[in-house]
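Take a walk through this model.

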Amino acid sequence: MIIKKKPTPNPELKKLEKLVGIWNVSGEVCGQVSYSWMEGGFFLVQYVDLEGAKGLEFIGYDEESGTLKSHYFDDDGKVLEYTYTVNETDHVVSIDMPGIKGEFNGKYSNNGNTITGIWRWKQDGEDLGYKAIFTKVHLS
């Protein structure tokens with residue numbers, strides 16, 4: 001019998017652990033997002049419900065680029081790709097796709113239970129964006 005060694009998630013994924021739970025979103029857009037680990041620990045799953053916009057995102061580690069990347073599926077049938085940069089103080093989410101380029105620049109509070117930031121992007125030549133505050137209300 002051949003027993004294969006089961007792969008383990010890349011250690012970079014641990015940077016996302018602070019997101020696990022339910023977050024209320026306020027500011028210029030309101031709603032709720034939640035994060036939980038998919039079985040196996042290779043992907044963090046985000047459920048999004050912001051002012052009627054709903055979606056599902058899978059965030060994982062991309063070995064080829066050496067970055068945290070995601071695929072976001074929205075209720076309008078779009079698939080968007082993002083890159084995450086997360087550390088002790090910063091929460092940055094970038095998008096660079098045909099027709100849309102931008103970034104969310106957020107800062108964690110000292111206790112890590114709040115992210116305050118601004119989404120700015122250019123879509124089809126138009127400058128768009130909004131300010132948002134994410135407040136953790138429940139640990140998963």
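A residue counts as buried when its relative accessible area is under 20%, and as exposed when that area is over 50%; partly exposed covers what falls in between. The model here is predicted. By that cut-off W121 is buried, because its relative accessibility is 18%. W119 is buried too, at 12%.

These two tryptophans meet each other. W119 and W121 form an edge-to-face aromatic pair, with 6.1 Å from centre to centre and 90 degrees between the planes. They also belong to a wider group. Ring pairs join W119 and W121 with Y72, Y82, F104, Y130 and F134 into a cluster.

Now turn to the pocket. Rolling a probe the size of a water molecule over the atoms shows where empty space is left. The largest pocket holds about 770 Å³ of space. Its lining comprises 33 residues, and L50, Y72, Y82, W119 and Y130 lie nearest the centre. What is the make-up of this lining: how many residues are nonpolar, polar and charged? The lining has 21 nonpolar residues, 4 polar ones and 8 charged ones.

The aromatic pairs in the model number 7. One of them is F58 with F73, an edge-to-face pair at 6.4 Å between centres and 75 degrees between planes. This pair links distant parts of the chain: F58 sits in strand 4 (residues 53-62) and F73 in strand 5 (residues 67-74), 15 residues apart. F58 is partly exposed, because its relative accessibility is 28%. F73 is also partly exposed, at 37%.

A ring can meet a charge as well. K18 lies over the face of Y108, 4.1 Å from the ring centre.

Next come the charged pairs. Side chains of opposite charge can pair when their charged atoms come close. The structure has 7 salt bridges. Among them is the bridge between K107 and D90, at 2.4 Å from N to O. K107 lies in strand 8 (residues 100-108) and D90 in strand 7 (residues 90-97), so the bridge ties together parts 17 residues apart in sequence. K107 is partly exposed, with 49% relative accessibility.

Salt bridges with shared partners also join D74, D76 and K78 into one network. Within it, the closest N and O atoms of K78 and D76 are 3.7 Å apart. K78 is partly exposed at 38%, whereas D76 is exposed at 61%.

Another bridge pairs D49 with K54, the closest N and O atoms lying 3.3 Å apart. D49 is partly exposed at 33%, and K54 is partly exposed at 43%.

Technical notes:
Residues are numbered from 1 along each chain as its sequence is written. This is a predicted model: local features need pLDDT of at least 70, side-chain atom pairs count only at pLDDT 80 or more; totals for chains, interfaces and linings use all residues. Side-chain values use heavy atoms; hydrogens and water are left out. On a 1 Å grid over the protein atoms alone, a cavity is a set of points where a 1.4 Å probe fits but cannot get out, and a pocket is an open set with protein on both sides within 12 Å along at least five of seven lines; lining residues have an atom within 4 Å of a point. Grid points are joined across faces, edges and corners, and a volume is the space filled by probe spheres set on the points. Ala, Val, Leu, Ile, Met, Phe, Trp, Tyr, Cys and Pro count as nonpolar, Asp, Glu, Lys and Arg as charged, and the others, Gly among them, as polar. Rings of Phe, Tyr and Trp (its six-membered ring) pair if their centres lie within 6.5 Å; planes under 30 degrees apart count as stacked, over 60 as edge-to-face and the rest as tilted. Helices (H or I, at least four residues) and strands (E, at least two) are DSSP runs, numbered from the N terminus. Buried means under 20% relative accessible area, exposed over 50%, partly exposed in between (1.4 Å probe, protein chains only). A charge sits over a ring if NZ of Lys or CZ of Arg is within 6 Å of the ring centre and within 35 degrees of the ring normal. A salt bridge is a side-chain nitrogen of Lys or Arg within 4 Å of a carboxyl oxygen of Asp or Glu.
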